[in-house]
Amino acid sequence: MPDIYYTAKENFAGVIERLMGRYRVYAPVKEDRCHGFAPLRSAAEADLGFSNTRLSPKGLFHPQAERMFEYSLAKDDPQAGIVKEAQKDFSPRVVLGVRPCDAKAFDLDDANFNTETIKDPWWVRRRETTTMIGLACDSPCSTCFCTSMGSGPYDTAGLDVLLVDAGEGYAAEVLSEKGKNTLEVTSGWSPVTSAILPLTHKKKAAEQSIGIAFDPAAIAKKPMLELYNSPTWEEVQFACINCGACTFVCPTCWCFDIQDEVCGDKGERLRLWDSCMFPLFTLHGSGHNPRSQKTQRVRQRFMHKLKYYQDKYNSGPACVGCGRCVQACPVNIDIRQVGRQMVSQGCSCPA
Amino acid sequence: MQPCSESIREAAKRLLLEKRVDAVIGFRKGTVPFMNEPFLARTPEQAGQLVWDGNCAINLANYLPKRTGSVAIAAKGCDSRSIVIHLLENQIRREQLYVLGIPCQGMTDKRRIADRLNGRQVLQAEETGGKVRVSGRDFEQSFERADLLQENCAICTHKNPVLYDELLGQPVEEQQIDRYVEIGKIESMPPEQRRLYFDELVQPCIRCYACRNACPACYCPTCFVDESKPQWLGKTTDPTDTRTFHFLRAFHVAGRCTDCGSCERACPVGIKVRLFTMKLEKQVKELYGYEAGVTQDERPPLDAFRPDDPEPFLG
């Protein structure tokens with residue numbers, strides 16, 4: 001039996017306060033109409049009664065605009081022209097209330113930032129110094145399709161602790177040493193000695209409330225060129241206005257651009273979210289653009305998530321089914337629909 | 001089904017069968033409540049997918065610039081005005097176009113609906129008469145459609161298309177209304193407060209450019225935001241970069257914006273970007289007596305020069 005702890009909801013503010021005493025704590029905070037992850041100034045700010053945050057927590061590990069390096073260009077500075085790492089805060093922190101889909105996304109993003117051969121130092125360090133406390137999802141949104149993407153409302157991937165709303169209190173399933181330590185130092189948790197049956201039922205009910213969107217394995221099996229050359233893209237791309245909303249809200253879109261900004265004799269090297277939806281993303285120095293057309297860019301986004309990633313890493317898709325892109329798209333391009341079209345591409349099933 | 005869906009399908013099928021146009025730009029039913037998808041029907045069969053209801057807010061004129069061939073387009077009041085702007089700015093030729101004009105009763109705002117539902121999720125929505133009936137897992141509720149309109153629709157004074165080849169439906173009554181109540185409130189703020197107000201307004205911006213890209217008036221081959229040799233604008237979320245983007249974008253559509261509201265509707269983080277464009281709309285109206293896209297006989301004032309142009313800034 002896994003390590004499970006319990007705390008009453010009336011004590012939970014105290015738990016958060018004790019966490020805040022030891023860690024920088026980020027949690028969903030209500031901002032205007034939606035929720036977003038923000039550093040807590042008080043325990044009362046944390047609002048766990050959210051469906052999901054408008055932006056995924058990826059920005060906490062891969063900020064939209066990150067100062068990587070700084071340098072001086074002053075003529076009399078002996079250090080001029082030497083690029084130095086910008087100061088960053090790597091003190092221990094807790095991200096509280098991460099939905100399981102979003103936590104799983106970090107595991108998928110590791111394929112880009114943390115591999116045997118390539119390690120992004122800041123991503124790796126942030127991952128190491130952060131304890132991820134998830135919150136299982138009992139009321140998935142109508143746009144959720146995590147179960148189709150190999151995740152689920154109670155998925156534990158990428159988490160150190162999974163909290164489950166148990167009515168009067170929270171049950172906390174410990175998933176790593178880091179998670180265990182975090183709970184131990186914050187006291188207020190009592191061990192649960194027998195399996196909590198209602199939680200198993202809740203998990204099943206949550207999973208069953210999510211429909212099946214499409215089968216990414218069927219896309220993995222299709223020949224890449226057949227999908228690439230599919231006439232489907234012409235239809236999918238029409239509505240697209242080529243904004244970056246889908247990519248910026250996506251927990252698994254990790255692409256970035258690196259730029260220098262100089263003001264006077266001081267300079268900074270910045271890493272900035274970029275989007276494959278923008279023509280500038282692929283514009284070469286020569287002026288040539290291999291993805292100058294909207295169709296190519298739209299195809300790239302879906303092929304990358306649902307086909308190339310699967311082929312390259314021999315894994316599931318680079319999508320966790322959080323449904324944010326479905327909600328954010330101004331023109332209702334729905335990845336579930338696109339996935340189904342990719343699955344049925346080339347089939348001659350009777351209508 | 002809305003009676004209007006039927007008339008659009010009928011007209012689209014006819015135009016495609018008669019080979020009057022190569023394709024018809026309209027909407028097809030969306031996959032989530034309060035959303036429809038812009039759709040290009042190329043065959044009479046595809047024309048059968050066209051719909052029209054209160055979720056057709058995105059301005060379809062956005063799909064016209066530099067199109068080749070002939071195309072029919074479903075156009076409500078604001079779309080038709082943006083088409084006029086496109087014609088004046090040579091983005092499309094009149095002879096390429098067949099405009100299916102649609103008198104508009106305003107479009108519903110999904111954020112307004114969400115505000116009233118307090119986190120409860122809509123799974124089904126249906127429009128009948130003047131009502132919108134929504135239902136979810138354990139609730140059902142009905143709203144007056146008029147209470148759910150997008151803000152730009154609530155103050156719209158050009159509901160009927162200004163240009164069309166065929167009008168689908170009966171013209172609707174236009175309203176006489178002060179369009180600038182909100183703008184007046186901001187104008188009356190002391191400068192420092194106004195600056196803070198704008199800073200807070202654009203603070204959530206994620207620089208996805210959905211507002212720009214949903215805008216029919218934004219069609220530059222390379223937007224100033226994407227200029228890279230040299231780069232004109234920083235790509236960070238620093239307030240200076242974000243402000244610059246929003247202010248410049250608004251200035252660029254001054255006298256060309258028809259207040260279709262697509263920018264605000266498209267924004268994934270709900271920024272009221274129309275407050276910028278509306279202020280400029282008001283100024284253009286005050287200075288030049290001009291309303292964008294209402295007539296084909298007059299160019300937008302900022303791309304024309306007249307010796308008697310008002311120049312109050314010269315004092």
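Analyst: The largest nonpolar core holds 158 residues, and the members that touch the most others are B:Ala12, B:Val24, B:Ile73 and B:Leu100. The biggest giver to this core is helix α1 of chain B, residues 3-17, which puts in six residues. Keep in mind that this is a predicted model.

Let's zoom in on B:Val24. Leaving out anything up to four places away in sequence, B:Val24 touches B:Ala12, B:Leu15 and B:Leu16, and also B:Ala41, B:Ala47 and B:Ala72. One of those partners, B:Ala12, is itself among the residues with the most contacts to other core members.

Stepping back to chain B as a whole, the chain splits into two domains: domain 1 takes in 3-109 plus 149-314, and domain 2 is 110-148. Where they meet, eight residues of domain 1 of chain B contact twelve residues of domain 2 of chain B. On the domain 1 side of that meeting, you get three nonpolar, three polar and two charged residues.

You'll find A:Ile241 in the loop that links α8 (232-239) and α9 (245-249) of chain A. Is A:Ile241 buried or exposed? A:Ile241 has 24 C-beta neighbours inside 10 Å, and 20 or more makes a residue buried, so A:Ile241 counts as buried. Past its neighbours within four places in sequence, A:Ile241 is in contact with A:Pro330 and A:Val331 from chain A, plus B:Asn62, B:Asn213 and B:Ala214 from chain B. Another residue to check against A:Ile241 is A:Met277: the two are 36 residues apart in sequence, with 9.0 Å from C-alpha to C-alpha.

As for the rest of chain A, there are twelve helices and twelve strands. Buried residues make up 42% of its 351 residues. Of the contacts in chain A with a separation of 6 or more, 70% join residues 24 or more positions apart. The C-alpha trace of chain A spans about 75 × 60 × 40 Å along its principal axes. Its radius of gyration is 22 Å, which agrees with a compact globule, because one with 351 residues would come out near 20 Å.

Definitions and conventions. Residues numbered from 1 in each chain as written. Chains lettered and ligands numbered in written order. Predicted model: local features only at pLDDT ≥ 70, side-chain atom pairs only at ≥ 80, totals over all residues. Helix = DSSP H or I, 4+ residues; strand = E, 2+ residues; numbered from the N terminus. Rg over C-alpha atoms; globule rule 2.2 N^0.38 Å. Buried ≥ 20, exposed ≤ 12 C-beta atoms within 10 Å, placed from the backbone. Contact = placed C-beta atoms within 7 Å. Core = buried A, V, L, I, M, F, W, Y, C linked by C-beta atoms within 7 Å. Domains from an automatic or database assignment. Nonpolar A, V, L, I, M, F, W, Y, C, P; charged D, E, K, R; others polar.
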